[in-house]
Amino acid sequence: LTGVSPADSVAYLSGLAAAASRRTADGALAAVARHTHPSALDWLISAARTAETPHLRGQALFWLAQRAGDRAVGVIDEAVRRDPDTAVERRAVFALSQLPADQGVPRLIALAREHSNPAVRKQAFFWLGQSRDPRALTFLAGIFDR
């Protein structure tokens, strides 16, 4: 489309993501995530924290991981530790697995060691096993050496 400002585009798409069917919402959310306008990142962060549905919060976390960056990582960390829905916490663990190894693997190891929710710990173990990172291998091997 022509004649639409980036901010207006983000506003329209984010409204669509928040109010549409799951399929339409997922497409709108993906479009917001690809936007370079600063309001897109702000909206993704807000959706990851406060979206009404666990699905939308989880999808926002996924797209935040694709953008990485300090703000995104902080929101993902917050979700994995504070979201009231286990499915969203598990989605946040997946999002951590999508971060660059220097950001994701240490966080996954910490979750595998200490998270209070067994489902979250199990998810962290799974993604560590998929990472092929030497730190993950050392951590996992240490579990079996006990």
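A salt bridge here is a side-chain nitrogen of Lys or Arg within 4 Å of a carboxyl oxygen of Asp or Glu. Several stops on this tour use that rule.

The model is predicted, so local features need pLDDT of at least 70 and side-chain atom pairs count only at pLDDT 80 or more, while totals for chains, interfaces and linings use all residues. Residues are numbered from 1 along each chain as its sequence is written, and side-chain values use heavy atoms, with hydrogens and water left out.

**Whole chain**

Start with the whole chain in cartoon view. There are nine helices and zero strands; helices (H or I, at least four residues) and strands (E, at least two) are DSSP runs, numbered from the N terminus. From that end on, the order of elements is α-α-α-α-α-α-α-α-α. The C-alpha trace spans about 65 × 25 × 20 Å along its principal axes.

Next, show the surface. The chain exposes about 8100 Å², and carbon and sulfur atoms supply 53% of this area. Accessible areas come from the Shrake-Rupley method with a 1.4 Å probe, and for residues only the protein chains shown count as cover. Of the 146 residues, 44% count as buried. Buried means under 20% relative accessible area, exposed over 50%, and partly exposed in between (1.4 Å probe, protein chains only).

A contact means heavy atoms within 4.5 Å. Among contacts between residues at least 6 apart in sequence, 55% join residues at least 24 apart.

**Charged side chains**

Colour the charged side chains. The chain has 18 positive and 14 negative ones, and the centres of the two sets lie 5 Å apart. Lys and Arg count as positive and Asp and Glu as negative, with His and the chain ends not counted. The place of a charge is taken as NZ of Lys, CZ of Arg, CG of Asp or CD of Glu.

Side chains of opposite charge can pair when their charged atoms come close. How many salt bridges are there by the rule above? The count comes to six.

**R49 and E78**

Select R49 and E78. Their side chains meet in a salt bridge, at 3.2 Å from N to O. R49 lies in helix α3 (residues 38-50) and E78 in helix α5, so the pair ties together parts that are 29 residues apart in sequence. R49 counts as partly exposed because its relative accessibility is 44%. E78 also counts as partly exposed, at 24%.

**R57 and D83**

Move to R57, which forms a salt bridge with D83; the closest N and O atoms are 2.7 Å apart. The pair links distant parts of the chain: R57 is in helix α4 (residues 54-67) and D83 in the loop between α5 and α6, 26 residues apart. Are these two residues buried or exposed? Both R57 and D83 are buried.

Now select R135 and D102, whose side chains meet in a salt bridge at 3.9 Å, N to O. This pair too links distant parts of the chain, with R135 in helix α9 and D102 in helix α7, 33 residues apart. R135 is partly exposed, with a relative accessible area of 34%, whereas D102 is exposed, at 66%.

**Helix α7**

Select residues 101-114, which form helix α7. This helix has 14 residues and reaches 20 Å from its first C-alpha to its last, close to the 20 Å expected at 1.5 Å a residue. The expected span is 1.5 Å times one less than the number of residues.

Which residues of α7 are buried? They are Q103, G104, V105, L108, I109, L111 and A112. These buried residues pack against α5 (69-82), α6 (86-97), α8 and α9.

Zoom in on Q103, in helix α7. Q103 counts as buried because its relative accessibility is 19%. Leaving out residues up to four places away in sequence, Q103 touches A68, D70 and V73.

**Q123 in helix α8**

Go on to Q123, found in helix α8. Q123 is buried, with a relative accessible area of 13%. Again leaving out residues up to four places away in sequence, Q123 touches R90 and V93.

**R132**

Finish at R132, in the loop between α8 (118-131) and α9 (134-144). Phi of R132 is near 60 degrees, a positive value in a residue other than glycine. R132 counts as exposed because its relative accessibility is 81%.
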